[in-house]
Amino acid sequence: QIFNQHNAEAPNLERASHRMAQMEPNLDHDVSWFLLPSYWAKTVVALISFLCFANSYDGDFVFDDSEAIINNKDLRAETPLGDLWYHDFWGSKLSSNTSHKSYRPLTVLTFRINYLFAGGFYPVGFHVINIILHCTISVLMVDVFSILLGGLQFSNKGRRLNLAPKSSLLAALLFAVHPVHTECVAGIVGRADLLCALFFLLSFLGYCKAFRENKEGHAFSVFWVLVSVILGAIAMLCKEQGITILGLNAVFDALVINKINLLELIRKLLYKDKSLENAGLLRKGLLFRITLLMCGGASILYIRWRIMGTGPPAFTEVDNPASFADSLFVRAINYNYYYSLNAWLLLCPWWLCFDWSMGCIPLIKSVSDWRIIALAALWFCLIGLICQALCSEDSHKRRILTLGLGFLIIPFLPASNLFFRVGFVIAERVIYLPSIGYCILFTYGFSLLSKQAKKKKILAVAVLGILLINVMRCALRSSQWRSEEQLFRSALSVCPLNAKVHYNVGKNLADKGNQSAAIKYYREAVRLNPKYVHAMNNLGNILKERNELHEAEELLSLAVQIQPDFAAAWMNLGIVQNSLRRFEEAEQSYWTAIKHRKKYPDCYYNLGRLYADLNRHIDALNAWRNATVLKPEHSLAWNNMIILLDNTGNLAQAEAVGREALELIPNDHSLMFSLANVLGKSQKYKESEALFLKAIKANPNAASYHGNLAVLYHRWGNLDLAKKHYEVSLKLDPMAPGTKENYSLLRRKLEQLQKKGG
């Protein structure tokens, strides 16, 4: 049922006392919407928010999940828990020059718990927690919006009253089904925003509890103010935006608890009015509470600064091109344009993209650019709202508009580039908290329209339509976040100029073995961004594998010229030069890669291969030993050491290395095979046979395993077993080198034995 303007408020509300302030006009009087008891309202919000994102529960790890979860050593049990407090979100040391300084240890801790309970990297558990968190936050929004839209009132028994049940339900539904939240919920890395929002809201509700026992506004609970500060600190340890709740609590205190008229206060401050003390600042303890909030916030920031260090995070121009512009005018214009795009995503969340960098939004460099209109529209709306929030004679209107603007703007400030450079152009995840302000303003606007409209039911049906469209959009967007292929391809139509989008589509295709299609997207990425070294590196790798060595060398040489410390490109350049038999240049490239990345086991492995080709055996063994020291599970390096020692007749040393390798990697069948060969040559037939059989059990379709076991049996004199395994080997690979000749020798020997026996 849709209720009209003059319907009664929620049933069974206890009679309100006037401890906080005199009653204000009720927003629900003007809202044509459903009226539900609190329990049912929260149940509906929870179910609808679950419906929006439920189809993401069995999605893969996508995009940033690889770095933040799969490649993050802080999730593994062998990493001490204490290290989480000194590492950034991606597992790097905060003191490192390459750290992004994103300090979110509590979020990483929840990932670690997920990993431990699941027994590995299984994404279902990670996704389920994200969905539960969003549902919980959406339910909490019912209480938060009831305070922000209806005011803070308590009954004689100390129960908080919901004076805007219809408005708070509508605002909570708008929040729950907003498609811009999909990145936070369906992308596992969005856990940081969800946890931050959870403790952000708990901090706000805790601050409100400080006034539960208030008597005519003259008393409050210091305990709950301190609890609010602690919850704000926890929010910040989940994501940096969490600290902004302390500022919002102060704004709420001034506007709702003390009912300060900001314009009047500014006037009194300017004219040094002696009646300032009567404005409520001192009488109701506002200054004391704000001092507590400021001291708490300053302490939190100081501790974080001490842990993080003084160095700013290292970002590149492609991450945030406007921040690298030389002209202050260009920076200011583009920052404001980014703000207008964020606002548009809240208003019309249809064009969503996992990444908005790398040419997705070209810089505005002149006032003749038509996109200046978006800036003008944004500031026209903001100035209009600010004027109404400050100058309206309706105190109820002033309060709601100021709170709406506060919750829209203040949580967005850390992402605004005003205080420090951020590593993105637009990030949908950072709008999760500011969308609270959007929902307040939307609901208030709906109430104003309802007040003026003659056919209120039509207006309510229109809003229901918006909610339904958002639910469908959330479900569609969630399905796109289920796999990298769908996610990356969905961005092609939104940001066709984004080089990173083409790069990621290409990488996804290359990982699936479709190199021809991958080349097309990598080339487009390089065309869109001629300095995109990662695209050059990956394209060079594919061309190298296709034996198009000269073009590969050109691309990799250009990549290291653009970014001289790009260790992976130096290593790949060395591989290409080695294939071109330019050994001295290859060696120099390998050592340059190691210079820029000291712990680079793959580069030592490739350097060892180069030395082996040059018959510099000692150097090769040393390089491979370095690879295994840096990465003990480096199977290829161990194998090459065993094979080289075997080929040079150092059987005892080869056996020792093989046993050492199998202790570290006991289930590696290639190591079993190599060691079995060595043991067979050392006439340790029984042990060699056991290793061959174990390797064959692990990889039964390897022709060489059967062929070499047949050779062992042939030497050992077990001719029938030798015949059996020669035949299996030839069946698996009729062209197996040496096997056909050995099999022919065995057959002749068997024929001779049969003749003698005859």
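Start with helix 18, residues 499-511, and helix 19, residues 515-528: in this predicted model they pack at an angle of about 160°, and their axes are 8 Å apart. Anything over 145 degrees counts as roughly antiparallel, so that's what we call helix 18 relative to helix 19. The crossing is left-handed.

Who's touching whom? From helix 18 you've got A499, H502, Y503, V505, G506, K507, L509 and A510, and they meet A517, A518, Y521, Y522, E524, A525 and L528 of helix 19. Sort the residues of that contact by class and you get 11 nonpolar, 2 polar and 2 charged.

Now slide along to helix 20, residues 533-545, and helix 21, residues 549-562. Here the packing angle is about 160°, with 8 Å between the axes. So helix 20 is roughly antiparallel to helix 21, and they cross in a left-handed way. On the helix 20 side, the contact uses V533, M536, N537, L539, G540, L543 and K544; on the helix 21 side, L549, E551, A552, L555, L556, L558, A559 and I562. The class count for helix 20 with helix 21 is 11 nonpolar, 2 polar and 2 charged.

What does the record say about this part of the chain? Residues 601-634 come out at 79% helix and 0% strand, and the C-alpha atoms at the ends are 8 Å apart. For residues 703-736, it's 82% helix and 0% strand, with the end C-alpha atoms 7 Å apart.

The partners are C360 and C495, with their sulfur atoms 1.8 Å apart. That pair ties together distant parts of the chain, 135 residues apart: C360 is in the loop between helix 12 (328-347) and helix 13 (372-391), while C495 is in the loop between helix 17 (484-494) and helix 18.

Last stop, back towards the start of the chain. Helix 1, residues 38-53, packs on helix 4, residues 123-150, at an angle of about 145°, and the axes are 9 Å apart. Is that crossing left-handed or right-handed? For helix 1 and helix 4 it's right-handed. K42, V45, A46, S49, F50 and F53 of helix 1 meet I131, H134, C135, S138, V139, V142 and D143 of helix 4. By class, this contact has 8 nonpolar, 3 polar and 2 charged residues.

That's my tour, so over to you.

Note on methods
Residues are numbered from 1 along each chain as its sequence is written. This is a predicted model: local features need pLDDT of at least 70, side-chain atom pairs count only at pLDDT 80 or more; totals for chains, interfaces and linings use all residues. Side-chain values use heavy atoms; hydrogens and water are left out. Helices (H or I, at least four residues) and strands (E, at least two) are DSSP runs, numbered from the N terminus. Axes are lines fitted to C-alpha atoms, for helices over the stretch in contact, and angles run from 0 to 180 degrees between N-to-C directions. Angles under 35 degrees count as roughly parallel, over 145 as roughly antiparallel, 65 to 115 as roughly perpendicular and the rest as oblique. A crossing is left-handed if the near helix is turned anticlockwise from the far one by less than a right angle, and right-handed if clockwise. Contact means heavy atoms within 4.5 Å. Ala, Val, Leu, Ile, Met, Phe, Trp, Tyr, Cys and Pro count as nonpolar, Asp, Glu, Lys and Arg as charged, and the others, Gly among them, as polar. A disulfide is a pair of cysteine sulfur atoms within 2.5 Å.
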